[in-house]
Amino acid sequence: MNTAARVALVTGAGQGIGRAIALRLAGDGFDLALADVKADKLDQVAGEVRALGRRSEVISCDVADREQVLAAVAQARKGLGALNVMVNNAGIAQVAPLLDARLDDVRRILGINLEGVLWGIQAAAEAFRAQGGGGKIINACSIAGHEGYPLLGVYCATKFAVRALTQAAAKELAHDGITVNSYCPGVVGTDMWVEIDRRMSEVTGAKLGESYDRFVGNIALGRAETPEDVAAFVSYLASADANYMTGQSVMIDGGLVYR
Ligand SMILES: NC(=O)c1ccc[n+]([C@@H]2O[C@H](COP(=O)([O-])OP(=O)(O)OC[C@H]3O[C@@H](n4cnc5c(N)ncnc54)[C@H](O)[C@@H]3O)[C@@H](O)[C@H]2O)c1
């Protein structure tokens, strides 16, 4: 893959999709700033990045806190040099009927999934401008950013919001040479889906694994998605091959939601 850029920061890099993106970008030739609220998980990923011959910087960061996100970008630039790619990947899910949603839970998921992406866009754009322009911002959206699902209503609302931010940021930042796009995974076999499945069982009485299997059963390509499937698309979005693409939130879901 042809990548002109050299340094990427990935939030939520401690496990799952974020870890796979970090390793894929390291394989593409990027040095990696790895940020996560569970910083203890990052040392192992940093070791895997180094094993691929790239440098890494481990950053403890809660993306819901604007100051911490600004500091994370500053630490990445100090440790690794000019930032070229920002991947706002960190996110959480919540499973509950809409009528059970309460303020604390709604604020928590908005703080991470919506505000976290907004602070990431701001921090990256500020750095890109200070460096003279150019740069790519890549956000974690979802099929849930294109369709509302029962029991995932508030989560879906945060991902619809990511799609809106992606479009608006693309338009606001285009004149700085900055592109903004999102990846929209389907059903990826990470800890997030273990928890979604467990909570769906609690709420609906389904057996453990049944909700996951039902979602996977609707995928045209006939299997669950791997973090590496997502990372392969992010690799493209981070590359010079995607220079003419901005404002898009694209499904990478094995054929599940069609837009
Ligand atoms: N798993 C899926 O099927 C799926 C589908 C569509 C979209 N996504 C999105 O992809 C992204 C990654 O999902 P995943 O499946 O790898 O989840 P995961 O739960 O396996 O990993 C998420 C990572 O983000 C970190 N994190 C959580 N809150 C944070 C915070 N406040 N600040 C910094 N880091 C934080 C966690 O510590 C963890 O390392 C999320 O935004 C998710 O919404 C996942």
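1. A polar contact is a pair of N or O atoms within 3.5 Å; within protein, one must be able to donate a hydrogen and the other to accept it, and residues adjacent in sequence count only if both atoms are side-chain atoms. In this predicted model, local features need pLDDT of at least 70, side-chain atom pairs count only at pLDDT 80 or more, and totals for chains, interfaces and linings use all residues. Residues are numbered from 1 along each chain as its sequence is written, and side-chain values use heavy atoms, with hydrogens and water left out.

2. A polar side-chain atom of Tyr-155 is 2.7 Å from an oxygen atom of the ligand. The side chain of Asp-36 has an N or O atom 2.6 Å from a ligand oxygen atom. A polar backbone atom of Val-63 lies 3.0 Å from a nitrogen atom of the ligand.

3. Burial of the ligand. The protein buries 94% of the 830 Å² that the ligand exposes when taken alone (Shrake-Rupley method, 1.4 Å probe).

4. Position of the ligand. Domain 1 (7-186 + 226-252) and domain 2 (188-224), with bounds from an automatic or database domain assignment, both give residues to the shell around the ligand, so the ligand lies between them.
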